[in-house]
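Please open the model in the viewer and keep the selection tool at hand.

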Amino acid sequence: MRSPGSMRIMVGFAGLTAAAVALSGCSGSGDPGDGDKITLEVQSAMGEGTPRYEALSALAKAYEKDNPDVKIDVVALGSDYEGDMKVRMGSGDLPDIWATHGWSLLRYSEFLEPLDDQPWADQLNPVLDSTMKNDDGEFFALPLTTDVAGILYNKSVLEKAGIDPTSLGTIEAFDEALGTLKGAGVVPMSSSGKDDWFAGNVADWLGSGSYDEAQSEKLADGEFVDSGFEEMFTKLDEWAKAGYFNPDCSSATSDDIAAALGQGTTAFVMIQNTLALSAKEFVPDAQIGFIPVPAINGDEEYLIGGEGVALGAWRDGENKEEALDFLEFLAEPENIGQFASDDGNPAGLTDIDVDLGDLSDSYEQFFTPGEVRMVPYFDRAYLPNGMWNTLISTTSGIITGQTTVGSAVKQVEAEFGTLYGQQ
């Protein structure tokens, strides 16, 4: 998923204060019975029970075993991680460690300890330099994974339908495949309305293929270009009216989508690779892969990448020394390798052995050779801060038929102007 999930911005002083209290842990105090232990609050931005949450929790327990004077409080994802973190930045009460969900440089760097002098720093995966390093070469989070994403698919479903996944590099070929799958009685593509961030991912996946480089730079500079959003929303509207999305989109959860992908009742999902691991939890023998995203505007297909699961340490935290030591523990090859394997993504550091399971074939075919272009997450690179919520609402409205293309474009344009003016 684009982590975190729901990112609704909270308003009102009372609500903000309550959120700050709710999110804050007991950093430095210890839980009852912990005596004089130092407690590190780790805001994970990970859903409780997910493979990545369980993997991080297991590593925290291992660290506690080696460091009996430290307790690691791994906090699961709440309902509004981004909004809560904004409150805590404003109040100066931050966790010892927190997940930066793709924003370690652009949003959180002034609050995070620079990590470029850490023992593991020279192992940072160079593909992350452009998104994680500032002009001085500083970076501010340990990337446990390098985020590489495409469109997840069920291999058995496509094989049965006679569809070669390597042939879907154009939007025309992908459209034809969607029609073939529907004719075969399979839901071509699924999204979740219950976990509404899912729809935002669909827009992020398609946005970079709706604008060329020059148009994207205009967006980044504050000039709204409507053509790409018109193309993207028109394509989504076509797919929705053709019945290519799951009928239960409004009520479906992420787990429902993972189960459907594993069971082969849906063929494609535009989401990060962690959903493939969840799908295999429901159906252990499911065969899942990913393909590059076809560009709506006719450009070459692409993968989406950048900062994956990454953790930074509060530069002004009372427990900064312990926080940095925990990050160094996570960066040890066997630890980061295990986490990346459990997360289904390459490690964020080089020379790390990672078992990518069923996804290995997709990585070796589309990512490792470096022939398929990599693009950043569309909203992070080209849209003003806060547009994520707008992407969610407009895209969800198109998929469910509650919003027209024209009204969605107007909504995006209005929010773009407002939010860019606030930067």
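At what angle do helix H7 (residues 197–207) and helix H9 (residues 226–241) pack, and how far apart are their axes? This is a predicted model, in which local features need pLDDT of at least 70 and side-chain atom pairs count only at pLDDT 80 or more, while totals for chains, interfaces and linings use all residues. Residues are numbered from 1 along each chain as its sequence is written, and side-chain values use heavy atoms, with hydrogens and water left out.

**First selection: H7 and H9.** These helices pack at about 120°, with their axes 10 Å apart (axes are lines fitted to C-alpha atoms over the stretch in contact, and angles run from 0 to 180 degrees between N-to-C directions; helices are DSSP runs of H or I of at least four residues, numbered from the N terminus). H7 and H9 are therefore oblique to each other (the class left after under 35 degrees for roughly parallel, over 145 for roughly antiparallel and 65 to 115 for roughly perpendicular). Select Val202, Ala203, Leu206 and Gly207 of H7 with Met232, Leu236 and Trp239 of H9 to display the contact (heavy atoms within 4.5 Å). By class, this contact has 6 nonpolar, 1 polar and no charged residues (Ala, Val, Leu, Ile, Met, Phe, Trp, Tyr, Cys and Pro count as nonpolar, Asp, Glu, Lys and Arg as charged, and the others, Gly among them, as polar).

Helix H2 (residues 51–66) packs with helix H13 (residues 333–343) at an angle of about 160°, the axes lying 8 Å apart. That angle makes H2 roughly antiparallel to H13. Next, select Pro51, Arg52, Ala55, Leu56 and Leu59 in H2, which meet Asn335, Phe339, Asp342 and Asp343 in H13. The contact of H2 with H13 comprises 5 nonpolar, 1 polar and 3 charged residues.

How values were computed:
Helix = DSSP H or I, 4+ residues; strand = E, 2+ residues; numbered from the N terminus.
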